[in-house]
Amino acid sequence: MGLSGADYKKYRAILQAKRKITDNLKSMMEETVDREVGEWGEAEVKQFRQIQKRLTDEEMEKVVQGYMSGRTVHQLTEEFGCHRQTISSILKQHGVKTDNRIAQKKLNADEIIAMYADMYSSTEIGEKFGVHPQAVLRCLRNHGVKIRSRGNRAHSERE
């Protein structure tokens with residue numbers, strides 16, 4: 001049983017479209033090694049790879065200016081749509097010293113020491129400043145304050 005004239009034309013058109021799609025996919029993927037064209041002309045991924053975003057010189061200058069004006073690396077990554085390591089590398093290339101202790105910038109050491117002396121817990125202080133209790137304890141230790149033991153619940157007596 002053969003194909004009728006109309007069926008043959010449809011079949012031939014389908015094969016030509018498939019060949020055209022396969023050729024287009026192959027030419028698009030010559031630059032990327034992590035994909036192949038499958039048996040039916042569809043793209044098959046061998047491995048996942050994040051596409052690296054390259055920032056222009058102008059964008060790099062904006063990153064440096066943004067960081068110097070007080071924006072965080074995290075804020076800059078969202079704005080420029082790249083990885084935090086990319087932002088950190090740009091800052092390093094431009095001789096900008098980064099501070100990994102963002103939480104410490106939010107803290108007023110004198111106020112924290114006073115609150116801790118008034119028997120507030122590190123959790124309560126952290127909630128007030130919007131930081132993790134460990135950041136509060138780190139600040140206290142950096143300023144020579146002796147940390148109370150966990151069993152000392154004197155802060156609950158505070159009114």
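Author: Let us begin with a single residue. This is a predicted model, and in it Val73 counts as buried because its relative accessibility is 16%, where buried means under 20%.

Reader: Where is Val73 placed, and which residues does Val73 touch, leaving aside those up to four places away in sequence?

Author: Val73 lies in helix α3. Leaving aside residues up to four places away in sequence, Val73 touches Tyr67, Arg84, Ile87, Ser88 and Leu91. One of these partners shows how sequence and space may be read side by side. Val73 and Ser88 are 15 residues apart along the chain, and their C-alpha atoms are separated by 7.1 Å.

Reader: In which helix is Thr77 found, and is Thr77 buried or exposed?

Author: Thr77 also belongs to helix α3, which spans residues 73-80. Thr77 is counted as buried, since its relative accessibility is 10%. Beyond residues up to four places away in sequence, the contacts of Thr77 are with Cys82, His83, Arg84 and Ile87.

Reader: How does one read the sides of a helix? Which residues of α6 are buried, and which are exposed on the other side?

Author: One asks where the buried residues point around the helix axis. In α6, residues 109-117, the buried residues are Ala109, Ile112, Met115 and Tyr116. Viewed down the axis of α6, they fall within an arc of 130°, so they line one face of the helix. Asp110 and Ala117 are exposed on the other side of α6. The cover over the buried residues of α6 includes α7 (122-129) and α8 (133-142).

Reader: What follows α6?

Author: Met119 follows α6, in the loop between α6 and α7. The phi of Met119 is near 75°, a positive value in a residue other than glycine. Met119 is described as partly exposed because its relative accessible area is 23%.

Reader: Which residues of α7 are buried, and what comes just after α7?

Author: The buried residues of α7 are Ser122, Ile125, Gly126 and Phe129. Their arc around the axis is only 100°, and therefore they sit on the same side of α7. Just after α7 comes Gly130, with a positive phi of about 75°.

Reader: How is the packing of two helices described?

Author: Two packed helices are described by the angle between their axes and the distance between those axes. For α6 and α8, the axes come within 10 Å and cross at roughly 100°. These two helices, α6 and α8, are therefore roughly perpendicular to each other. Ala109, Ile112, Ile113 and Tyr116 form the α6 side of the contact, while Val136, Cys139 and Leu140 form the α8 side. By class, the contact of α6 with α8 has 7 nonpolar residues, no polar residues and no charged residues.

Reader: At what angle do α7 and α8 pack, and how far apart are their axes?

Author: The angle between α7 and α8 is about 105°, and their axes are 8 Å apart. α7 and α8 are therefore roughly perpendicular to each other. In this contact, Ser122, Thr123, Ile125 and Gly126 of α7 meet Pro133, Val136 and Leu137 of α8. The contact of α7 with α8 divides into 4 nonpolar, 3 polar and no charged residues.

Note on methods
Residues are numbered from 1 along each chain as its sequence is written. This is a predicted model: local features need pLDDT of at least 70, side-chain atom pairs count only at pLDDT 80 or more; totals for chains, interfaces and linings use all residues. Side-chain values use heavy atoms; hydrogens and water are left out. Buried means under 20% relative accessible area, exposed over 50%, partly exposed in between (1.4 Å probe, protein chains only). Helices (H or I, at least four residues) and strands (E, at least two) are DSSP runs, numbered from the N terminus. The arc is that of the directions from the helix axis to the C-beta atoms. Contact means heavy atoms within 4.5 Å. Axes are lines fitted to C-alpha atoms, for helices over the stretch in contact, and angles run from 0 to 180 degrees between N-to-C directions. Angles under 35 degrees count as roughly parallel, over 145 as roughly antiparallel, 65 to 115 as roughly perpendicular and the rest as oblique. Ala, Val, Leu, Ile, Met, Phe, Trp, Tyr, Cys and Pro count as nonpolar, Asp, Glu, Lys and Arg as charged, and the others, Gly among them, as polar.
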